[in-house]
Amino acid sequence: MKSSGKVVGVNGNMVTVEVTGTVQLNEVGYVLTEGKRLKSEIIRVNGDRVQMQVFEITKGIGIGDPVEFSTELLAVELGPGLLGQVYDGLQNPLPELAKEAGHFLERGFYLDPLSKEKEWEFTPTVSVGDSVAQADVIGSVPEGPFTHQILVPFSLLGSYTVKSIQPKGSYKISDTVAEVEDAKGNVFPLKMSFEWPVKKAVTCYAERLKPVDPMVTQVRLIDTFLPVAKGGTYCIPGPFGAGKTVLQQITSKFADVDIVIVAACGERAGEVVETLKEFPELLDPKTGRSLMERTIIICNTSSMPVASREASVYTAVTLAEYYRQMGLDVLLLADSTSRWAQAMREMSGRLEEIPGEEAFPAYLESTIAGFYERAGLVKLKDGRKGSVTIGGTVSPAGGNFEEPVTQATLKVVGAFHGLSRERSDARKYPAIHPIDSWSKYSGIINPDQTEYAYNILFRANEIESMMKVVGEEGTSLADFIQFQKGELLDAAYFQQNSFDPVDAAVSPERQKYVFNLMMEVLTAVLDLSSKDEARGWFNQLRQLILDYNGSEWQSEGFVKLEGEIKSFVADKKIRVDENAAALMAKN
Amino acid sequence: MRKVYSKIDSIVGNVITVKADGAKYGDLAEISTSFGDSLAEVIKLDDDNVSLQVFAGGRGISTGDEVRFLGHPMQISFSDNLMGRIFNGSGAPRDNGPTLNENLIPIGGPSFNPANRIIPKNMIRTGIPMIDLFNTLVESQKLPIFSASGEPYNELLARIAMQAEVDMIILGGMGLKYDDYLFFRDTLEEGGALSRTTMFIHTASDPVVECLMVPDVSLAVAEKFALQGKKVLVLLTDMTNFADAMKEIAITQEQVPSNRGYPGDLYSQLASRYEKAVDIAGSGSITILGVTTMPGDDVTHPVPDNTGYITEGQYYLKNGRIEPFGSLSRLKQQVNDKTRDDHRALMDGMIKLYASYKDSLEKQSMGFNMSDWDKKLLKYGARFEAEMMDLSVNTPLEKALDNGWSILAECFSSEETGLKSSLIDKFWPLER
């Protein structure tokens with residue numbers, strides 16, 4: 001029985017409604033205003049009055065406007081056809097919306113997330129009499145480069161017997177492809193799509209595993225030194241202009257996963273457009289097909305209503321969990337989780353809740369933890385593995401990592417890629433601070449070697465701060481060479497040229513290869529007799545390696561430059577540093 | 001036939017409350033006081049209590065004054081008659097021209113569908129090397145000028161406005177000193193640009209609520225012109241005053257402040273204005289240049305901080321120059337690969353060297369010996385500041401690039417610049 005009500009108060013995007021009948025927390029309702037139905041969600045119940053957040057502009061709502069309730073929670077539709085789509089935070093397809101409503105996002109327009117007309121080639125994989133449970137596979141359809149499995153809806157608890165199944169053929173997602181029967185004899189028709197409430201995690205797997213395999217991003221600094229694991233979580237906090245979004249965009253192109261979901265949450269619309277226009281043209285090296293076919297974009301940019309911004313990260317993670325159920329590796333990039341937290345703060349303020357730190361609500365930490373915990377590597381009931389990796393950017397106020405959202409995020413993630421204003425001002429890309437950042441995952445290179453390289457960087461950093469006090473003339477030649485080694489590692493390995501087609505993305509093979517070459521230099525005791533000679537030598541070497549980084553892998557130029565670098569280094573190399581001899585011998 | 005309410009229950013700051021029915025959220029009302037009529041906007045509905053924000057301020061309102069609901073939200077007249085005119089925040093004329101009432105359009109409309117946006121592709125040339133070469137301005141960009149008080153930000157804004165190739169300029173002034181308003185008016189008039197300009201001006205002594213309307217009114221008009229195919233440049237100065245007006249009003253309404261007294265939705269409020277910048281496929285465009293003054297020259301202050309997260313870069317004005325550090329045009333890579341082969345590399349290379357120069361300068365000031373390398377950097381830095389950063393330099397991009405190479409060649413040997421060898425072969429000036 002659907003309840004109804006009428007508006008008795010409006011304050012910003014929150015309306016107060018007097019209800020007759022029963023309602024549920026987080027139930028979806030519609031405010032009827034000026035002939036439009038404005039989607040809203042119940043966020044507080046208080047006697048016969050409920051408070052709802054409206055996912056639209058509230059202008060024009062008046063006292064007494066009728067409200068209809070749906071008895072359903074805020075949900076997304078899951079089924080074939082999600083890939084390649086561009087949705088707003090409530091899963092409205094934006095390109096279709098543009099065709100219907102023109103340039104602007106007129107409120108009260110809601111379209112089907114998945115095309116009801118499109119036909120899919122269904123192949124059944126169960127037979128009449130088989131026993132099935134939630135999330136079991138009953139058939140499949142081809143979707144782009146993937147085999148999209150048709151699953152028993154996650155909401156069907158208990159076990160069922162297949163009563164009928166359609167033969168191989170073309171069906172629309174609204175067609176019934178199977179019927180299942182429970183122990184009591186109730187029959188449920190199954191379609192190719194079903195709904196799932198976004199704020200509930202999908203847990204239809206056998207067990208959660210520890211993330212171990214690295215998720216290659218083709219960014220040297222990340223893969224070699226600050227790796228991310230498939231099924232893991234990481235965050236990228238940084239002040240504005242430090243390159244969070246550029247890093248996310250590069251990751252969305254090159255990450256070694258099956259599916260990428262980009263949640264543009266409260267950020268600039270222009271950035272989404274770059275992805276939108278660029279991806280259909282780019283090819284996925286793994287499948288040779290358009291990158292867009294492995295991507296879903298959830299786009300709730302900063303000027304769109306704030307309540308649906310809050311919903312958008314949940315929409316994104318639910319879609320990710322759905323594809324994980326098919327044994328795929330999914331990467332969710334959320335940009336930016338701070339805007340999502342601010343959306344919570346705005347609503348908390350309207351509800352007149354007692355504010356916590358910086359007026360964020362007291363439940364900020366548990367909400368952030370709950371979101372990141374939806375990532376994970378899981379073993380499905382049939383033994384296959386799937387993963388959801390979450391990478392979230394954080395936009396800390398004033399670039400200060402001590403603020404509540406960054407701190408709450410750091411508590412729950414497995415890797416921290418902190419961007420530094422200093423490095424981005426010096427035009428260093430990626431601007432990840434190599435010393436402040438950390439990762440708990442294992443990467444593609446022997447950790448002993450990366451630790452050796454890291455120590456050089458630490459030492460170089462110390463020498464640099466010392467030099468600022470005692471000056472270059474007060475620094476010993478040995479220390480000065482150590483400092484130059486650190487600078488070289490930074491300039492020629494940590495930094496990449498994101499505009500250079502070769503250097504923008506570096507395969508793991510090449511990373512291992514070039515890292516070995518770097519280690520040759522870092523572990524060498526060098527015959528350099530003065531600081532000026534050392535500076536000149538390192539400048540030339542850096543130039544050589546930069547050119548080398550820009551040359552096509554294993555091309556003629558690559559081989560030639562490698563030869564030059566090796567002989568250039570050999571000229572001045574006396575021997576291998578004692579501490580590193582054992583390390584280098586392992587290769 | 002509209003009902004008139006003549007009992008005002010409460011007056012708190014600029015907000016009055018009346019008991020009324022049929023009022024809609026966001027609607028306008030007219031209130032007649034002994035000091036004249038003022039508009040007011042519905043900002044809260046609670047049963048039959050209607051809270052209204054009075055544009056002219058709460059001062060002098062009597063509990064017996066009449067409130068008449070107009071039954072529509074804030075509107076502004078839109079037509080070509082706006083050209084060359086000057087208005088205040090509620091759309092009333094500031095010049096001596098007639099009041100405009102035809103073709104009323106709503107303000108603060110819905111946002112542009114991201115799926116319909118296109119990748120910006122046109123550079124806007126300004127003749128300022130720090131902009132054209134290092135941080136290119138792009139059509140449909142939204143960019144603030146971060147500035148300490150006392151910097152010549154309005155002069156810079158006016159100069160960009162005069163030199164930029166656009167069809168229309170809309171100037172939104174918030175909390176402007178009266179002198180600054182006159183400066184803009186006179187400069188644009190002398191430059192012959194007033195006839196393609198519309199101004200919405202709120203000066204520091206005007207009622208604070210009108211300050212809030214300025215960006216919305218300016219952008220609503222800009223949007224209509226852009227839809228007609230015009231390239232519109234919107235200049236907003238100063239957005240910090242706008243944010244302060246929001247703060248003032250939020251606090252009097254007893255909202256929970258989040259950071260230094262600003263309301264929690266500061267980011268969303270600023271974003272909904274800046275995000276109006278757009279390039280409409282097959283039609284016109286809106287480019288927004290705003291001024292954000294930084295109280296205490298502190299970029300982490302909530303207003304510049306939130307602005308930085310919204311806009312596509314920023315120009316950082318310091319000591320009368322656009323600082324290379326901190327200044328950034330995020331859209332520059334959309335256009336600076338189409339200008340000249342060396343544009344990007346030279347831009348990065350020169351900035352890296354300038355950063356090293358700053359280090360050497362610091363060493364020098366602490367009294368350390370200068371190595372040969374330091375001396376080269378010091379020479380470079382001085383030339384860079386004089387020939388690139390000085391705001392009086394007015395030169396086309398190509399000339400600025402050529403000059404960049406000759407500065408490098410006169411200060412360094414080619415491998416010291418860290419530039420790719422292929423570019424050095426092509427552009428390094430030959431020995432003279």
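I count two strands as paired if DSSP finds at least two bridges between them. Helices (H or I, at least four residues) and strands (E, at least two) are DSSP runs, numbered from the N terminus. I am working on a predicted model, in which local features need pLDDT of at least 70, side-chain atom pairs count only at pLDDT 80 or more, and totals for chains, interfaces and linings use all residues. Residues are numbered from 1 along each chain as its sequence is written, and chains are lettered from A and ligands numbered from 1 in the order in which they are written.

I looked up strand β1 (residues 4–11) of chain A and found it paired with β5(B), antiparallel, over 2 bridges. A:Gly9 has B:Asp46 in β5(B) as its bridge partner.

Entry: the contact of chains A and B.
I took residues as in contact if their C-beta atoms, placed from the backbone, lie within 7 Å. Chain B contributes 64 residues and chain A 63. On the chain B side, the elements that each supply at least two residues include β5 (36–46), α9 (343–365) and α10 (372–389). The largest share, 6 residues, is from α9(B). I sorted residues by class (Ala, Val, Leu, Ile, Met, Phe, Trp, Tyr, Cys and Pro nonpolar; Asp, Glu, Lys and Arg charged; the others, Gly among them, polar). The side of chain B that touches chain A has 24 nonpolar, 21 polar and 19 charged residues.

Entry: strands within chain A.
I followed β13 (residues 159–165) of chain A. Strand β10 (residues 131–133) of chain A runs antiparallel to β13(A), joined by 3 bridges, and A:Ala133 is bridged to A:Ser159. With β15 (residues 176–181) of chain A, β13(A) has 4 bridges, also antiparallel; A:Ile165 there partners A:Ala178.

Entry: a helix pair in chain A.
I checked α5 (residues 306–324) and α6 (residues 337–350) of chain A, which pack at about 130° with axes 9 Å apart. Axes are lines fitted to C-alpha atoms, for helices over the stretch in contact, and angles run from 0 to 180 degrees between N-to-C directions. α5(A) is therefore oblique to α6(A) (under 35 degrees is roughly parallel, over 145 roughly antiparallel, 65 to 115 roughly perpendicular, the rest oblique). Among the residues that meet are A:Val313 in α5(A) and A:Trp340 in α6(A). This contact has 7 nonpolar, no polar and 4 charged residues.

Conventions: Contact = placed C-beta atoms within 7 Å.
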